[in-house]
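Let's take a quick tour of this one, starting with its pocket and moving on to charge pairs and the surface.

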Amino acid sequence: MAVSLKVNGVSRSVPAEPDTPLLYVLRNDLELNGAKFGCGLAQCGACTVLIDGKAVRSCVTPIGTLENSEITTIEGLGSLAKPHALQQAFMEEQAAQCGYCISGMIMSAKELLDRNPRPSEQDVRAALEGNLCRCGTHNRIINAVLRAAQANGRT
Ligand code: FES
Ligand code: FES
C-alpha cells in the first residue's frame, strides 16, 4: 500500500506498510540519508528529525501516524551554498569528528532554538541530553549551538 507524507515541504507517496519506521522510508525510499541509524531503539538520537516542529526519533515512528504531519530532515534546513545558522556554526566550531551523530544533534538543537532563541549553556545541555556522541565532541557541539543562537540574534 502507499502512504502519503510531507517531507521538507514536498508531498511524497511511499509504497510501504503503515508500521514502517520513518527512518527506513527516509533513507531507503526518499534518498534522504542525513538521519542515521544508530540504535534503532530511541536511545541515541542519531535518527532525529522534526515532526510538526518537535524533535522525534524516526527509528521508532511508524509512517502510518504521519499522514497529516510536516516532516523536516537535515536536508530541509539548508544547503551547501546556503547553510542554516546551525549548520554554519557546527562547521565553524568543527563540531563533527566522525559526523554520525551530527544530523540528530542539529535537529534537536533546531527544536530548542525555535522555542528558546537565547538558550543558556545549561538549556543546550538539557536539550541535547538524549543525543549521544561516541566521538566525545560534546563541548564543541554545545559551543556550536550557542554560536548559532548568537548568529541568529545578529540577523
Ligand atoms: S537510531 Fe533512533 S534513537 Fe538511535
Ligand atoms: S562526531 Fe562521531 S559520534 Fe558524534
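## The largest pocket

A word on classes before we start: Ala, Val, Leu, Ile, Met, Phe, Trp, Tyr, Cys and Pro count as nonpolar, Asp, Glu, Lys and Arg as charged, and the others, Gly among them, as polar. Keep in mind, too, that this is a predicted model.

On that scheme, the largest pocket is lined by nine nonpolar and four polar residues, with no charged ones. The space inside comes to about 240 Å³. Of the 13 lining residues, Ile 74, Gln 87, Met 91, Ile 102 and Ile 106 sit nearest the centre.

## Salt bridges

The count here is five salt bridges. One of them joins Lys 6 and Glu 70, at 3.3 Å from N to O. That pair ties together distant parts of the chain, with Lys 6 in strand β1 and Glu 70 in strand β5, 64 residues apart. Lys 6 is partly exposed at 30%, and Glu 70 is partly exposed at 37%.

Two others are helical. Lys 110 and Asp 114 come within 2.7 Å; they are four residues apart in α3, so about one helical turn separates them. Lys 110 is buried at 16% relative accessibility, whereas Asp 114 is partly exposed at 48%. In α4, Glu 121 and Arg 125 are likewise about one turn apart, with their closest N and O atoms at 3.0 Å. Then there's a network linking Glu 92, Glu 93 and Arg 147.

## A nonpolar patch

Tyr 100 belongs to the loop between α2 and α3, and is partly exposed at 31%.

Methods:
Residues numbered from 1 in each chain as written. Chains lettered and ligands numbered in written order. Predicted model: local features only at pLDDT ≥ 70, side-chain atom pairs only at ≥ 80, totals over all residues. Heavy atoms only, no water. Buried < 20%, exposed > 50% of the residue type's maximum accessible area, 1.4 Å probe, protein only. 1 Å grid on protein atoms, 1.4 Å probe; cavity = no way out; pocket = protein on both sides within 12 Å on 5 of 7 lines; lining within 4 Å. Points joined across faces, edges and corners; volume = space filled by probe spheres on them. Salt bridge = Lys/Arg side-chain N within 4 Å of Asp/Glu carboxyl O.
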